[in-house]
Amino acid sequence: MATSSEWHESYGQMSEETLNFSRALKSLQEELEAVDWYNQRVEVTKDEQLRRILAHNRDEEIEHAMMALEYLRRGNPVFDKHMRTYLFTEGDILGIEEKAEE
Ligand SMILES: [Fe+2]
């Protein structure tokens, strides 16, 4: 059971969809934070075996983050729309925004 400090609104008033959306966002946030922390450790760790383990763990966290992101995309049309606009593109990203808003 989630603690009340994890929610900004009354837990009982929110739908299962909203609760799951929040869980996925929080998971994505945590995975990305872990990517950052592992990446920093990789850069400064002198022990080669440990450095390789940390790099492996960082890359696993990237995979986990992408799973959460895909969950969000499937459940939210705005995520879907923007991901379709910006992901796997080339060139100037702000230029893509200008083009998309024409
Ligand atoms: Fe993870």
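**View 1. Charges and overall form of the chain.** The mean positions of the 12 positive and 23 negative charges of the chain lie 4 Å apart. Here Lys and Arg count as positive and Asp and Glu as negative, while His and the chain ends are not counted; each charge is placed at NZ of Lys, CZ of Arg, CG of Asp or CD of Glu. Please keep in mind that this is a predicted model, in which local features need pLDDT of at least 70 and side-chain atom pairs count only at pLDDT 80 or more, whereas totals for chains, interfaces and linings use all residues. Residues are numbered from 1 along each chain as its sequence is written, and side-chain values use heavy atoms, with hydrogens and water left out. The C-alpha trace spans about 50 × 45 × 20 Å along its principal axes. The radius of gyration of the chain is 18 Å, whereas a compact globule of 102 residues would have one near 13 Å; the radius is taken over C-alpha atoms, and the globule rule is 2.2 Å times the number of residues to the power 0.38.

**View 2. The helices and the surface.** Four helices and zero strands make up the secondary structure of the chain, and the order from the N terminus is α-α-α-α. Helices (H or I, at least four residues) and strands (E, at least two) are DSSP runs, numbered from the N terminus. The accessible surface of the chain comes to about 8,200 Å², with 53% of it belonging to carbon and sulfur atoms. Such areas come from the Shrake-Rupley method with a 1.4 Å probe, and for residues only the protein chains shown count as cover. Of the 102 residues, 22% count as buried, where buried means under 20% relative accessible area, exposed over 50%, and partly exposed in between (1.4 Å probe, protein chains only). Among contacts with a separation of 6 or more, 37% join residues 24 or more positions apart; a contact means heavy atoms within 4.5 Å.

View 3. The chain has two aromatic pairs. Rings of Phe, Tyr and Trp (its six-membered ring) pair if their centres lie within 6.5 Å; planes under 30 degrees apart count as stacked, over 60 as edge-to-face and the rest as tilted. Why does the pair of Phe-21 and Phe-79 count as edge-to-face? The ring centres of Phe-21 and Phe-79 are 6.3 Å apart and their planes meet at 70°, so the pair is edge-to-face. Phe-21 sits in helix α1 (residues 16-44) and Phe-79 in helix α3 (residues 77-86), 58 residues apart, and the pair thus links distant parts of the chain. Phe-21 is partly exposed, at 30% relative accessibility, and Phe-79 is partly exposed at 25%.

View 4. Leu-72 belongs to helix α2 (residues 48-75). With 1% relative accessibility, Leu-72 is buried.

View 5. Arg-58 is in helix α2 and is buried, with a relative accessible area of 17%. Neighbours within four places in sequence aside, Arg-58 contacts Val-35, Tyr-38, Asn-39 and Val-42. The C-alpha atoms of Arg-58 and Asn-39 are separated by 6.3 Å, across 19 residues of chain. Glu-31, found in helix α1, is buried at 19% relative accessibility. Again leaving aside neighbours within four places, Glu-31 is in contact with Glu-61, His-64 and Ala-65. Between the C-alpha atoms of Glu-31 and Ala-65, 34 residues apart along the chain, the separation is 5.3 Å.

View 6. The C-alpha atoms of Asp-80 and Glu-70, 10 residues apart along the chain, lie 8.9 Å from each other. Phe-88 is placed in the loop between α3 and α4 (93-100). Phe-88 is exposed, at 86% relative accessible area. Its phi is near 60°, a positive value in a residue other than glycine. Most residues other than glycine have a negative phi.
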